[in-house]
Amino acid sequence: MAIIDVIVPQLSESISEATLLEWKKKVGEAVTQDETLIEVETDKVVLEVPAPASGVIVEIVEGDGSTVTAEQLLAKIDTEATVGATAAPAPAAEAAPAAAAAPVAAESKVVSGVASPAASKILSEKGISAGDVAGSGRDGRVTKADAVAASAPAKSVAAPAAPLSVSLDGRPEQRVPMTRLRARVAERLLQSQSENAILTTFNEVNMKAVIDLRNKYKEKFEKEHGIKLGFMSFFVKAAVAALKKYPVLNASVDGKDIIYHGYFDIGIAVGSPRGLVVPILRNADQMSIADIEKKIAEFGAKARDGKLTLDELTGGTFSISNGGTFGSMLSTPIINPPQSAILGIHATKDRAVVENGQVVIRPINFFAMSYDHRIIDGREAVLGLVAMKEALEDPQRLLLDL
């Protein structure tokens with residue numbers, strides 16, 4: 001017997017503990033090296049715990065939903081065991097609920113949970129354990145045909161972000177614990193409101209020039225760069241142009257000091273199943289429109305899958321929140337500490353406006369910029385938002401650095 005420990009990966013210095021989500025393998029099931037065994041949720045990201053070696057899980061020490069710390073023992077793998085093996089039972093007082101598993105009967109000839117290489121690949125892509133599939137091959141082995149026909153069993157996830165459905169019969173209630181990520185977001189937002197002197201300034205932006213530019217080049221852009229041309233890249237470019245003119249909008253407070261940043265790391269607020277996250281576009285001033293669109297698309301996919309890394313969520317000098325994707329008309333965004341300003345973007349709608357004494361219809365977006373009045377005066381905030389407005393209403397300014 002050669003036992004290998006599965007432990008919690010190293011966490012960030014600012015993170016003391018994490019929560020186990022759901023084991024993807026059971027005791028007695030075979031695993032391959034680097035296969036994801038379970039996900040660990042911190043207050044910032046979700047980390048995957050891979051199998052350190054190939055073998056069979058013989059003991060699970062910490063079950064779904066357990067609170068753990070860095071390098072804590074989670075499970076044990078026997079690299080020499082056969083499928084169905086289990087470790088010697090632990091004392092009753094120390095046994096973890098998730099560690100119990102019924103061993104395979106010695107007299108049975110069925111090899112449960114063993115799949116051919118081709119079947120294993122298909123099941124892995126579907127997120128299905130071989131142990132959940134009835135094999136039709138010799139001695140119960142899972143064949144490729146079995147894997148193709150298999151469907152994922154329903155699973156329950158520990159501490160979901162929100163109830164999937166709520167019965168409307170009578171007056172039911174459902175209590176669901178917050179995920180670590182959502183609890184941390186709540187904590188930071190309350191901190192922001194209590195520690196910052198937040199004010200918000202508004203302006204309306206005529207998006208016609210940007211829309212016309214996008215319509216003219218979107219097909220060529222997608223063909224050339226392999227990504228659709230959206231609006232967020234224009235918003236980022238306009239924000240960077242304004243931050244260059246008014247550096248205090250890109251600054252932060254540290255005690256009684258103001259830190260002016262000589263770089264532009266723009267946070268893009270993204271909704272995820274587990275809560276709000278703000279991945280960072282590093283050196284956004286040095287990125288092209290195509291670079292920005294590709295990175296934002298990558299962030300969106302990673303947020304949905306819970307794959308954002310700590311490095312991608314750390315730092316940032318200014319943030320942009322686009323509630324317009326959900327149809328928001330107007331809102332007052334909350335500053336993301338330790339930043340001192342955030343831009344809120346909303347839905348672009350055709351509205352009646354006056355131009356040269358005439359009422360005309362234009363695609364208008366209401367912009368809102370919240371700022372920390374401790375270091376940012378109304379003048380800089382208003383002029384900064386006007387600079388963003390002017391850049392978007394005349395995009396050529398961005399090319400000429402005006």
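The side chains of Arg379 and Glu380 form a salt bridge, with an N to O distance of 3.7 Å; the term denotes a side-chain nitrogen of Lys or Arg within 4 Å of a carboxyl oxygen of Asp or Glu. Arg379 is exposed, at 54% relative accessibility, where exposed stands for over 50% relative accessible area, buried for under 20%, and partly exposed for values in between (1.4 Å probe, protein chains only). The model is a predicted one, in which local features need pLDDT of at least 70 and side-chain atom pairs count only at pLDDT 80 or more, while totals for chains, interfaces and linings use all residues. Residues are numbered from 1 along each chain as its sequence is written, and side-chain values use heavy atoms, with hydrogens and water left out.

Over the whole structure, 14 salt bridges are found. In one of them, Arg282 pairs with Asp265, and the closest N and O atoms are 3.6 Å apart. Arg282 lies in the loop between strand S15 (280-281) and helix H6 (289-305), and Asp265 in the loop between strand S11 (257-259) and strand S12 (266-268), so the pair ties together parts that are 17 residues apart in sequence. Helices (H or I, at least four residues) and strands (E, at least two) are DSSP runs numbered from the N terminus. Arg282 is partly exposed, with a relative accessibility of 31%, whereas Asp265 is buried at 8%.

A further salt bridge joins Lys302 to Glu312, with 2.7 Å between the closest N and O atoms. This pair links distant parts of the chain, as Lys302 belongs to helix H6 and Glu312 to helix H7 (residues 310-313), ten residues apart. Lys302 is partly exposed, its relative accessible area being 23%, and Glu312 is buried, with 11%. Through shared partners, salt bridges connect Lys295, Glu298, Lys302 and Glu312 into one network.

Ala347 is located in the loop between strand S17 (341-345) and strand S18 (349-355). With a relative accessibility of 10%, Ala347 counts as buried. When residues up to four places away in sequence are not counted, Ala347 touches Gly324, Gly327, Ser328, Ile364 and Asn365, a contact being defined by heavy atoms within 4.5 Å. Asn365 is 18 residues from Ala347 along the chain, and the C-alpha atoms of the two are separated by 6.0 Å.

Helix H4 (residues 208-225) bends by about 55 degrees at Tyr217, the bend being the angle between axes fitted to the seven residues ending there and the seven starting there. After H4 comes Gly226, which has a positive phi, near 70 degrees.

Four strands form an open sheet in the order S5-S4-S2-S7, with antiparallel pairing; strands count as paired if DSSP finds at least two bridges between them. Strand S5 (46-50) and strand S7 (67-68) are the edge strands, each pairing on one side only. Strand S4 (residues 36-41) is joined to S5 by five bridges, and the two run antiparallel. Val40 stands opposite Leu47 in S5.

The protein as a whole contains nine helices and 19 strands. Of its 402 residues, 39% are buried. Among the contacts with a separation of 6 or more, 63% are between residues 24 or more positions apart. The accessible surface amounts to about 21800 Å², and carbon and sulfur atoms account for 52% of this area, as computed by the Shrake-Rupley method with a 1.4 Å probe; for residues, only the protein chains shown count as cover.

Key
The expected span of a helix is 1.5 Å times one less than its number of residues.
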